[in-house]
Amino acid sequence: MKFLENFELFLFDLDGVVYIDDKPIPGAVETINTIKAYNKKVLFITNNPARSKLEYSGTLKKMGINAKSSQILTSADSICRYLMTKIKNITNKSAYVIGSKYFKSQIKKTGIIIDSGKNFNKTDFVIMGGHRQFNFNEINIASILIRKGAKFIATNHDPFYPTLNGLSPASGALLTSIETASENKAIVTGKPEKYLFDISMETAQFKNKKKTLLVGDNLYTDILGGINFGIPTVLTLTGLTTKKELKQSNITPDYII
Ligand SMILES: [Mg+2]
């Protein structure tokens with residue numbers, strides 16, 4: 001258990017690390033429970049903005065990982081943090097919001113005025129988290145509002161995520177349609193940006209970055225995010241990244257498993 005002694009806080013990505021399509025990856029449950037048995041702090045951080053913490057907690061419990069809602073952080077948290085810290089007088093600002101019911105409820109909590117977009121009235125922001133019901137109407141409203149001057153803020157740029165059938169589209173694949181139609185790039189707030197890492201350290205009430213370990217399967221979100229934030233990283237080859245991609249990339253994790 002020498003390796004474990006080096007770390008106190010463990011940040012696990014979910015898709016491709018703990019499970020694929022809610023089916024646990026062999027060894028993941030045992031590993032996480034062993035880490036927990038040593039009284040280490042464990043948090044789960046995902047770029048998927050659509051599902052609630054309660055849903056994630058339920059999924060993990062079914063697999064045999066006892067994780068409270070408060071131990072789960074999603075890119076919905078990252079975008080709320082961005083809005084609360086970067087935008088002055090947020091309660092006087094308006095936004096057209098694209099996302100799941102859960103995502104919209106989180107954005108509403110920031111106090112920003114939600115505009116339905118129905119009348120194509122100028123808004124301050126278009127805020128997006130990918131969701132399964134994403135449609136033409138949303139692309140249309142968002143693109144027109146962005147062209148009218150709304151700032152485009154989105155959770156994440158991940159183009160796809162691993163499923164048992166193959167790689168399925170993620171938020172990045174969807175938001176690209178709005179970027180193309182509006183000729184504007186989105187600001188993203190999930191990994192590799194710092195917000196989810198900041199919130200993780202605060203949630204764990206832990207400050208020692210050298211004793212924090214990020215475990216992820218995506219070089220460009222998890223590993224790059226961890227490196228930029230200054231914490232050691234583990235790449236798992238159980239999800240997105242293949243050995244070949246790892247070889248071709250100049251992003252170097254500290255450990256590969
Ligand atoms: Mg992943």
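Two strands pair if DSSP finds at least two bridges between them. Strands (E, at least two residues) and helices (H or I, at least four) are DSSP runs, numbered from the N terminus. Residues are numbered from 1 along each chain as its sequence is written. The model is predicted: local features need pLDDT of at least 70, side-chain atom pairs count only at pLDDT 80 or more, and totals for chains, interfaces and linings use all residues.

In S11, Pro169 is the bridge partner of Phe160. Strands S10 (residues 160-163) and S11 (residues 166-169) run antiparallel and are joined by four bridges. A hairpin of two residues links S10 to S11.

An open sheet is formed by six strands, in the order S5-S4-S1-S13-S14-S15, with parallel pairing. S5 and S15 (255-256) stand at the edges with a single partner strand each, so one side of each lacks a neighbour in the sheet. S14 (residues 233-235) pairs with S15 in the parallel sense over two bridges. Within S15, Tyr255 is the bridge partner of Val234.

The protein chain is assigned domain 1 (2-75 + 191-256) and domain 2 (76-188), with bounds from an automatic or database domain assignment. Their centres, taken over C-alpha atoms, are separated by 25 Å. In all, 21 residues of domain 1 are in contact with 23 residues of domain 2 (C-beta atoms, placed from the backbone, within 7 Å). On the side of domain 1 that touches domain 2, S5 (72-74) and H8 (195-204) each supply at least two residues. H8 gives the largest share, three residues.

Note on methods
Two residues are in contact if their C-beta atoms, placed from the backbone, lie within 7 Å.
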